[in-house]
Amino acid sequence: MKKSKRWIGVAALTAVTVVAFAASLVIKNNLNKGPANAIAVTQEGTDAGIKQIEAIKDGETVTGYKVNVDAKGFGDPAMDLMITFNAAGDTVTSLEVISQNETEGFGANITKPEFLDQFNNVQVPVFIAAEPGEGTEIDAISGATITSKAVVAAINGSQDYLTNNVVE
């Protein structure tokens, strides 16, 4: 009687171990996949703060790109931005702040529509008003020039990488 109970216990423990191992493999594989339309980022892109690029598709046609990028502003850690470009990579269609740790009342204002809406359907490159530059003029956040410059640099750097390495 004791032997059969022992075998039942061993079999149950083995079954639980096999199920746990299989579940861990499935989870690991799904975590490493990323989005279905993810595009590999080279070291050059990683050095520019780019974490991920995803093609936006309508069927088989690429209609745009989402670029997830870190931008080092005044706060720490770096801001996490999602910049959406058109298919040619020459226009920002939207800018989203995923996370930021900028100074409240100053750099943190990058999350407000007054700042973000400037980047809806805007030609790239962009530059901050009152500073030398070519392209589309953007208004910086008052008292948060470092943050504003970091956002502009992230957009221009992402666009440069995108058009030189991804867009065909």
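Author: In strand β5, S94 is the bridge partner of T84. Strands here are DSSP runs of E with at least two residues, numbered from the N terminus, and two strands pair if DSSP finds at least two bridges between them.

Reader: Before we continue, what kind of model is this?

Author: This is a predicted model, in which local features need pLDDT of at least 70, side-chain atom pairs count only at pLDDT 80 or more, and totals for chains, interfaces and linings use all residues. Residues are numbered from 1 along each chain as its sequence is written, and side-chain values use heavy atoms, leaving out hydrogens and water.

Reader: How many bridges join β4 to β5?

Author: There are 6 bridges between β4 (residues 79–86) and β5 (residues 91–99), and the two strands run antiparallel. They form a hairpin with 4 residues between them, where G89 in the turn has a positive phi of about 75 degrees.

Reader: Turning to charges, which residues are linked in a network of salt bridges?

Author: K51, D70 and D80 are linked in that way; a salt bridge requires a side-chain nitrogen of Lys or Arg within 4 Å of a carboxyl oxygen of Asp or Glu. K51 meets D70 at 3.3 Å, N to O, and meets D80 at 3.1 Å, N to O.

Reader: And is D80 buried or exposed?

Author: D80 counts as buried at 13% relative accessibility, whereas K51 is partly exposed at 40%. Buried means under 20% relative accessible area, exposed over 50%, and partly exposed in between, with a 1.4 Å probe and protein chains only.
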